[in-house]
Amino acid sequence: MSSGHLVIFDTTLRDGEQSPGASMTKNEKLRIAKALEKMKVDVIEAGFAIASPGDFEAVKAIAESVSESTVCSLARALDKDIDRAAEALKPAKLARIHTFIATSPIHMKYKLQMQPDQVVEQAIRAVKRARMYTDDVEFSCEDAGRSEIDFLCRIIEAAIAAGARTINIPDTVGYAIPQQFGETIQTLLERVPNADKATFSVHCHNDLGLAVANSLAAVMNGARQVECTINGLGERAGNAALEEIVMAVRTRKDLFAVETRLDTQFIVPTSRLVSTITGFPVQPNKAIVGANAFAHESGIHQDGVLKHRETYEIMQAQDVGWRTNSLVLGKHSGRNAFRTRLHELGYEFDSETALNEAFARFKDLADKKHEIFDEDLQALVSAVELSEDDEIYKLVCMSVCSETGVTPISKVTLMINGEERTASAEGGGPVDATYRAIEEIASSGVNLQLYSVNNITSGTDSQGEVTVRLERGGWIVNGVGADTDIVIASAKAYINALNLISSDKRKQHPQSEV
């Protein structure tokens, strides 16, 4: 295996966003893109430009704002898709068009209803059309993990000859096994005559929990780009996790003769940002970015770490952005210190009004909570941004009675399109009663699919962050709310989700995956 640079291609904003309920606004996408750029990600797949006007605008906004990373848009192997992607990417300093077509027998027969010769012809046409707009063209063989090796060799050779400079081999349905997938990459590199004229890439899904293992097996066998997402976000069981790929290559330099250019100290802050925006919490035992990733409870482990850190730690927590002391602000902190710290965390304010609103909420929080941590700030600013969107429902006030031996009751007042409405309801607990009261007012017809509570920091005065997933008519959204009072946080999350599911601006996901 030759040494070299491993290209990190982040698709959090495209494939990651296709997780049910993980839709992001343009501003949220922009914030994540800037965080990825700060982390020095090589390629940012900003979206699927033709999927919706919102996706087009998001890709265009990122293309205008990001200059240090290549900005990419996905496009099917269709003229209209490629033209739309090129239009969105016009402002980009570094632009890539990523076009794809299915190559497995089952996809060609049942989805495309095309013969193999037709698929090759369309792939060539798509790559040539994309090359009219940029020299940086990537071609993907969708469902390559279940494709016939002879056909893969044929279509890849044709795509490279047409001008593709990156060839992506996706395990679209998470079917591959590491040894077999690594051998596939090695075979393609050996059998495709012009393989030396392109960078070979992989994009692995995690249906069998093997996305990272398959990606690393591919790197061991010559792949030099890995497509991945922050926190492993993505459709179904997700994608290969960027943080795990990067730290595995960095930690095992004895095996991987490649390097990335990533500034790994931004891994944890970016993980938190993505988690907060999407409402997908990071499990405590998640590698690299989970709360327990560098925690030791076993007495033997604690003793070993105290004597010599490397007895039980193969990485330093600080290298990926964990801080030994993340306390940054308190009730006496000024506006400038507040803005400066948020800038360091990747947050910018569009106006003084937005800053003032966020600072006011910070002061309110500081009155309740003596120590303000980075996680608190991220939750606070996300709450501000959500409040700036068009709101149908707004929490005015609520009171809850919960005592031993008495059925809990909640009284809630909501503002709906400028009109106050109040309702009371009993429930199995204070949260259940609150949600019943909200529904008494809203009559939304939604189904509650998920209710999740996580403490943002440690201590009994910690803010609780609540994630609520609602479904109506096949449309799924995640709502997020945070407060030192968990019942209020629960109400905020539910109302946030109601606003999202009731919005006329809701985003439809493209019905495809790579």
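Biologist: Where do I begin? How many helices and strands are in the chain?

Modeller: Begin with the inventory. The chain has 16 helices and 18 strands. Remember that the model is predicted.

Biologist: What share of the residues is buried?

Modeller: Of the 514 residues in the chain, 54% are buried. The chain exposes about 22300 Å². Carbon and sulfur atoms supply 48% of that area.

Biologist: And contacts between residues at least 6 apart in sequence: what share of them joins residues at least 24 apart?

Modeller: That share is 68%.

Biologist: Now the sheets. Which strands make up the closed barrel?

Modeller: Follow the pairing from strand to strand. Eight strands form the barrel, in the order E2-E3-E4-E5-E6-E7-E8-E9. Their pairing is parallel. On average, neighbouring strands of this sheet are turned by 25° against each other, direction ignored.

Biologist: Show me one pair. How many bridges join strand E3 to strand E4?

Modeller: Four bridges join E3, residues 43–47, to E4, residues 70–76. Glycine 47 stands opposite serine 73 in E4.

Biologist: Which strands does helix H6 touch?

Modeller: H6 covers residues 149–162 and packs on the sheet. It touches strands E5, E6, E7 and E8. The direction of H6 makes about 165° with that of E6. Helix H7, residues 178–191, also packs on the sheet and touches E7 and E8. The direction of H7 makes about 155° with that of E8.

Biologist: What comes before glycine 222?

Modeller: Helix H8 does, and glycine 222 has a positive phi, near 115°. H8 spans residues 211–220 and is mostly covered. Eight of its ten residues are buried, among them Ala211, Leu216 and Val219.

Biologist: What covers the buried residues of H8?

Modeller: The cover includes strands E7, E8, E9 and E10. It also includes helices H7 and H9. For reading any such helix, there is a general rule. An α-helix has 3.6 residues a turn, so residues three or four places apart point the same way.

Biologist: In which sense does E17 pair with E18?

Modeller: The sense is antiparallel, over nine bridges. Glycine 464 has aspartate 483 in E18 as its bridge partner. The hairpin of E17 and E18 has two residues between the strands. In that hairpin, glycine 473 takes a positive phi near 60°.

Biologist: Which residues form the nonpolar patch on the surface?

Modeller: Leu448, Tyr451, Val453 and Ile486 form it. Together they have about 310 Å² of accessible area. E16 gives the largest share, three residues. Isoleucine 486 belongs to helix H16, residues 486–502. It counts as partly exposed because its relative accessibility is 33%.

Biologist: Last topic: charges. What is the general idea?

Modeller: Side chains of opposite charge can pair when their charged atoms come close. The count here comes to 28 salt bridges.

Biologist: Which residue meets glutamate 45 in a salt bridge?

Modeller: Arginine 14 does, at 3.2 Å, N to O. The pair links distant parts of the chain, 31 residues apart. Arginine 14 is in the loop between strand E2 and helix H1, and glutamate 45 is in strand E3. Both residues are buried. Arginine 14 also forms a salt bridge with aspartate 15, with 3.7 Å between the closest N and O atoms. Aspartate 15 is buried, at 0% relative accessible area.

Biologist: Is arginine 76 buried or partly exposed?

Modeller: Arginine 76 is partly exposed, at 32%. Its salt-bridge partner is aspartate 81, with the closest N and O atoms 2.8 Å apart. Aspartate 81 is buried, at 1%. Finally, a network of salt bridges links Asp79, Asp83, Arg125 and Arg129.

Technical notes:
Residues are numbered from 1 along each chain as its sequence is written. This is a predicted model: local features need pLDDT of at least 70, side-chain atom pairs count only at pLDDT 80 or more; totals for chains, interfaces and linings use all residues. Side-chain values use heavy atoms; hydrogens and water are left out. Two strands pair if DSSP finds at least two bridges between them. Axes are lines fitted to C-alpha atoms, for helices over the stretch in contact, and angles run from 0 to 180 degrees between N-to-C directions. Contact means heavy atoms within 4.5 Å. Buried means under 20% relative accessible area, exposed over 50%, partly exposed in between (1.4 Å probe, protein chains only). Accessible areas come from the Shrake-Rupley method with a 1.4 Å probe; for residues, only the protein chains shown count as cover. Patches are made of residues with over 30% relative accessible area and no salt bridge: like charges are joined within 9 Å, nonpolar side chains (Val, Leu, Ile, Met, Phe, Trp, Tyr) within 5 Å. A salt bridge is a side-chain nitrogen of Lys or Arg within 4 Å of a carboxyl oxygen of Asp or Glu.
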